[in-house]
Amino acid sequence: MTQPQQEDMPLKDQSCVDIEKGHKALVIPTIESHLSQMPGWDVPLDYQTLVKTFSFKNYHQTVAFVNAITWVAHKEDHHPELCFGYNQCKVILTTHAIKGLSQNDFIMAAKIDALLD
């Protein structure tokens, strides 16, 4: 039996890959297609970042979520910007090497959402 290609798997089951400078960012139709499958995530008009704010009951839950994201980010070697306070955490994803969005950003977003499933 052959293994499925990574792009045939759900985003949360894929792995981030190295993206080098010169690689092109995702095109808008691909971004919109991924975004339609990711409730709560938003892409600002410049199409360079992927953003979502998560809400929690208290600081303990928020910090536990932040710690879980850092573990996934370390494992995937793709690190979001995190801004958090007492009961919320804003996650901002981008691929700095290409100054835009890559498949890695959507993989990380799916993995972050899966932390709360």
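What follows is a walk through the chain, from its overall build to single residues. This is a predicted model, in which local features need pLDDT of at least 70 and side-chain atom pairs count only at pLDDT 80 or more, while totals for chains, interfaces and linings use all residues. Residues are numbered from 1 along each chain as its sequence is written, and side-chain values use heavy atoms, with hydrogens and water left out.

The secondary structure of the chain consists of 3 helices and 3 strands. Here helices (H or I, at least four residues) and strands (E, at least two) are DSSP runs, numbered from the N terminus. Read from the N terminus, the elements follow the order α-β-α-β-β-α.

The C-alpha trace spans about 40 × 40 × 25 Å along its principal axes. A compact globule of 117 residues would have a radius of gyration near 13 Å, and the 14 Å of the chain agrees with that. This radius is taken over C-alpha atoms, and the globule rule is 2.2 Å times the number of residues to the power 0.38. Of the 117 residues, 38% count as buried, where buried means under 20% relative accessible area, exposed over 50%, and partly exposed in between (1.4 Å probe, protein chains only). The chain exposes about 7400 Å², of which carbon and sulfur atoms supply 53%; accessible areas come from the Shrake-Rupley method with a 1.4 Å probe, and for residues only the protein chains shown count as cover. Among contacts (heavy atoms within 4.5 Å) between residues at least 6 apart in sequence, 65% join residues at least 24 apart.

The strands come next. Two strands pair if DSSP finds at least two bridges between them. Strands β1 and β3 run antiparallel and are joined by 6 bridges; S55 stands opposite Q88 in β3. Strand β3 also pairs with β2, again in the antiparallel sense, over 4 bridges. In that pairing E81 has I92 of β3 as its bridge partner. With 3 residues between them, β2 and β3 form a hairpin.

In soluble globular proteins, nonpolar side chains tend to be buried together. A nonpolar core is a set of buried Ala, Val, Leu, Ile, Met, Phe, Trp, Tyr and Cys residues joined through side-chain atoms within 4.5 Å. The largest one here has 25 residues, and W41, L50, V91 and I112 touch the most other members. At least two residues of this core come from each of α1 (28-35), β1 (50-55), α2, β3 (88-93) and α3 (103-114). Helix α3 supplies the largest share, 6 residues.

Two residues show contacts that reach across the chain. Leaving aside neighbours within four places in sequence, I112 is in contact with W41, F54, F65, I69 and V91. L35 is found in helix α1 and counts as buried at 16% relative accessibility. With the neighbours within four places again left aside, L35 is in contact with W41, D42, V43, L50 and F106. L35 and L50 are 15 residues apart in sequence, and their C-alpha atoms are 8.9 Å apart.

Aromatic rings also meet. Rings of Phe, Tyr and Trp (its six-membered ring) pair if their centres lie within 6.5 Å; planes under 30 degrees apart count as stacked, over 60 as edge-to-face and the rest as tilted. A search of the whole structure finds 4 aromatic pairs. The rings of F54 and F65 have centres 4.8 Å apart and planes at 50 degrees, so this pair is tilted. F54 lies in strand β1 and F65 in helix α2, so the pair ties together parts 11 residues apart in sequence. F54 and F65 are both buried. The rings of F56 and F65 are also a tilted pair, because their centres are 4.9 Å apart and their planes are at 45 degrees. F56 is buried too. Together W41, F54, F56 and F65 form one aromatic cluster.

The loops hold a few residues to look at. Y47, in the loop between α1 and β1, has a positive phi of about 55 degrees although it is not a glycine. Y47 counts as partly exposed, at 22% relative accessibility. D77, in the loop between α2 and β2, likewise has a positive phi of about 55 degrees without being a glycine. D77 is exposed, with a relative accessible area of 55%. H78 lies in the loop between α2 (59-76) and β2 (81-84) and is buried, with a relative accessible area of 8%. Apart from neighbours within four places in sequence, the contacts of H78 include C16, L93, T95, N104 and M108.
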